[in-house]
Amino acid sequence: MKDLKKYAIIPATPEELYLALTTEITARLWTGDLVSIDPTVNGEFSLWDGAITGRFLELEPSIKIVQEWYFGETDSPSIVTLKLHEHKKGTSLEIRQTNIPDEDYENIAEGWEDPYISSLIDFYTEED
């Protein structure tokens, strides 16, 4: 099992980003795909038509989201912690994911960059 830590600057306020990560209609807009979100503790979510599924463990509006991601039969859950920090260019998104199955690590690391982070940046970047 492996752990991952990433940072990204998203051109949105922490409030806007929190809503994008916890509101079904907004998540549908930035992912461009089927989404299901129950934004409550122990509420389940599914992004990209089931490519990412799990449940919410902690929700601190505009500050922190803690999720458990499902990976079939694993002994210990993969925990994703998303921390939102105000930044002069929007929000600094701190991503920490623990207990990633070795065989899934490369896919997960790439997926955080594209489509996850790149989709959020594209969604909040205004076209001229």
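Me: How many aromatic pairs does the structure hold?

Reply: This is a predicted model, and seven aromatic pairs are found in the structure.

Me: Where do Trp 48 and Tyr 116 lie in the chain?

Reply: Trp 48 sits in the loop between β3 (44–47) and β4 (52–60), while Tyr 116 belongs to helix α3 (residues 105–124). The pair links distant parts of the chain, 68 residues apart.

Me: Are Trp 48 and Tyr 116 buried or exposed?

Reply: Buried means under 20% relative accessible area. Trp 48 has 14% relative accessibility, so this residue counts as buried; Tyr 116, with a relative accessible area of 2%, is buried as well.

Me: Why is the pair of Trp 69 and Trp 112 stacked?

Reply: Planes under 30 degrees apart count as stacked. The planes of Trp 69 and Trp 112 are at 20°, with the ring centres 5.1 Å apart, and therefore the pair is stacked. Because Trp 69 lies in strand β5 (residues 64–69) and Trp 112 in helix α3, the pair ties together parts 43 residues apart in sequence. Both Trp 69 and Trp 112 are buried.

Me: Which residues do ring pairs link into a cluster?

Reply: The cluster consists of Trp 30, Trp 48, Trp 69, Trp 112 and Tyr 116, linked by ring pairs.

Notes:
Residues numbered from 1 in each chain as written. Predicted model: local features only at pLDDT ≥ 70, side-chain atom pairs only at ≥ 80, totals over all residues. Heavy atoms only, no water. Phe/Tyr/Trp six-rings, centres within 6.5 Å; stacked < 30°, edge-to-face > 60°. Helix = DSSP H or I, 4+ residues; strand = E, 2+ residues; numbered from the N terminus. Buried < 20%, exposed > 50% of the residue type's maximum accessible area, 1.4 Å probe, protein only.
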